[in-house]
Amino acid sequence: MITKPKGTYDILPSESREWAKLEETIRKICRLYNYKEIRTPIFESFDVFHRNQNDTSDMVTKETYDFQDRSERKITLRPEGTAGVARAFIENKLYVENPVNKLFYMGQMFRYERPQKGRNRQFNQFGVEALGSDSPLIDAEVIALGAALIRALGLKDVKVKINSLGDEESRNAYREVLVKHFSQYKENLCPDCLNRLEKNPLRILDCKVCRHQEFFKTAPKINEYLNTESKKRFETVLESLDNMGLEYEIDDNLVRGLDYYTHTVFELEVNVPEFGAQNVIGAGGRYDKLIEDLGGPKTPGVGMAFGLERLLLATELAGKKLVADDNIHAYFIALGENARKEALKQINFCRLGGLACEMDYNAGGLKSQFKKADKNNAIFTLILGDNELENRVINIKDNRTDEQETINIDDIYPYILKKLGTKNSCSGCNKEKE
Ligand code: HAM
């Protein structure tokens with residue numbers, strides 16, 4: 001048997017409606033915050049993600065799926081959305097038409113990570129990127145959008161952790177003291193951190209291996225090295241979050257796993273024990289240099305991405321159901337070949353009128369067809385045998401009341417509509433109740 005690659009999974013019909021509902025919720029929120037959808041390729045040129053020799057992030061150095069295509073072009077499966085969106089922004093000159101572009105995307109990302117609960121090699125992200133404004137208010141807007149999604153999904157125990165990495169001047173000052181500090185403990189640093197010490201010492205703070213050592217706790221904190229402007233900027237972000245009534249916690253060890261961040265960085269963490277180690281459901285920050293690094297015009301940016309798998313896991317653990325049980329309007333039980341042909345004709349008519357219908361194509365017996373009607377959560381069960389067909393009538397049972405009637409075969413559609421009233425209670429079609 002051929003099986004799925006390690007770190008991937010199938011979304012089966014029993015789960016796909018939850019996915020669709022999550023995506024629908026996300027789209028509604030993006031509409032409210034006025035973010036427009038962008039769809040970029042799943043694979044990009046290798047250079048989109050491997051921009052800089054000094055990038056020490058695990059994602060770029062260890063986790064990308066890189067390959068050469070048949071014409072020996074170097075290709076990378078996207079490990080995240082931001083860099084691809086930035087590439088598309090530059091290539092399509094989106095900045096010409098709009099000074100500020102507020103974009104969102106959803107789709108598969110690929111990282112060669114060790115799979116575990118909430119961590120896959122192919123996973124889905126929803127992300128937003130606001131390009132073209134350096135206002136601290138838009139950092140707060142992005143976080144507010146994330147909080148709105150959490151609220152819409154009914155999630156509890158989600159903590160927003162936030163920090164500022166400051167501007168270049170602040171980071172340079174901080175980098176210097178960090179190098180001094182960690183250089184004293186070189187023999188205790190893991191090989192990755194030894195490399196980071198030279199290339200990007202801030203990232204040591206993010207190391208899962210070294211994090212628990214004593215010398216971590218005594219490391220200098222970034223907030224002591226933010227220059228006046230960076231400090232003021234961070235305060236405005238926090239003030240804006242306060243004004244919107246959003247709660248957060250300042251975490252001065254938060255530096256984030258990707259190398260492109262400047263100023264604001266944040267993570268949204270779910271704190272329920274069953275969630276496991278991968279409890280960061282969404283994260284993001286400001287990246288004022290990325291567009292330039294990719295060869296575009298000087299353009300500030302800020303964004304965030306959620307892992308959809310983790311969002312669904314969080315909704316499940318919160319005991320929230322995104323969708324009601326699947327049900328259909330009508331299940332047609334047809335007994336005999338001619339009755340089945342007539343049923344198909346009637347079903348199609350009803351379906352075109354917006355009713356979700358089903359029948360048994362495998363010619364099961366009466367009992368087994370009743371079972372199937374049950375399994376489909378049909379609101380109405382219709383029974384058509386040869387006798388009824390001859391008299392152009394059909395038996396119809398309202399499963400909500402167990403009331404049964406015999407009606408004219410050509411009246412099925414208006415009959416069901418009338419019984420349903422104006423509100424169609426089917427959750428399986430576009431007339432779904434909210
Ligand atoms: P990230 O923190 O690498 O940031 O990923 C964002 C979210 O994607 C994580 O919080 C997590 O929920 C989900 N995620 C990441 N890796 C996996 C995985 N292997 N399996 C399942 N879920 C995963 C970014 O990707 C940035 N591009 C976010 C951003 C947008 N920053 C600015 N704009």
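Cysteine 30 is buried, at 0% relative accessibility; buried means under 20% relative accessible area, exposed over 50%, and partly exposed in between, with a 1.4 Å probe and protein chains only. The model is predicted: local features need pLDDT of at least 70, side-chain atom pairs count only at pLDDT 80 or more, and totals for chains, interfaces and linings use all residues. Residues are numbered from 1 along each chain as its sequence is written, and side-chain values use heavy atoms, with hydrogens and water left out.

The structure holds zero disulfides. A disulfide is a covalent bond between the sulfur atoms of two cysteines. Here the criterion is a pair of cysteine sulfur atoms within 2.5 Å. Cysteine 193 is in no disulfide. Its nearest cysteine sulfur belongs to cysteine 207 and is 3.5 Å away. Cysteine 193 is buried too, with a relative accessible area of 0%.

Strands are DSSP runs of E with at least two residues, helices are runs of H or I with at least four, and both are numbered from the N terminus. Threonine 76 is buried, because its relative accessible area is 0%. Neighbours within four places in sequence aside, its contacts (heavy atoms within 4.5 Å) include Phe43, Phe46, Phe49, His50 and Tyr65. Phenylalanine 46 also carries a charge over its face: lysine 74 lies there, at 4.0 Å from the ring centre. For a charge to sit over a ring, NZ of Lys or CZ of Arg must be within 6 Å of the ring centre and within 35 degrees of the ring normal. Arginine 121 has its charged end over the ring of tyrosine 112, 3.9 Å from its centre.

Now the aromatic pairs. A pair of aromatic rings is described by the distance of the centres and the angle of the planes. Rings of Phe, Tyr and Trp (its six-membered ring) pair if their centres lie within 6.5 Å; planes under 30 degrees apart count as stacked, over 60 as edge-to-face and the rest as tilted. By this rule the count is 12 aromatic pairs. Phenylalanine 182 and phenylalanine 216 have ring centres 5.6 Å apart and planes at 50°, so the pair is tilted. Phenylalanine 182 lies in helix α7 (168–183) and phenylalanine 216 in helix α9 (214–217), so the pair ties together parts that are 34 residues apart in sequence. Ring pairs link Phe182, Tyr185, Phe215 and Phe216 into a cluster.

A second pair joins phenylalanine 349 and tyrosine 413. Their centres are 5.7 Å apart and their planes at 80°, so the pair is edge-to-face. Phenylalanine 349 lies in helix α13 (337–352) and tyrosine 413 in helix α16, so parts 64 residues apart in sequence are tied together. Phenylalanine 349 counts as exposed at 52% relative accessibility, whereas tyrosine 413 is buried at 18%.

Five strands form an open sheet in the order β13-β12-β14-β15-β16, with mixed pairing; strands pair if DSSP finds at least two bridges between them. The edge strands, β13 (357–359) and β16 (403–408), each pair on one side only. Strands β12 (330–334) and β14 (380–384) pair in the parallel sense over five bridges. Tyrosine 331 stands opposite threonine 381 in β14. Helix α16 (412–420) packs on the sheet, touching β12, β14, β15 (393–398) and β16.

How values were computed. Axes are lines fitted to C-alpha atoms, for helices over the stretch in contact, and angles run from 0 to 180 degrees between N-to-C directions.
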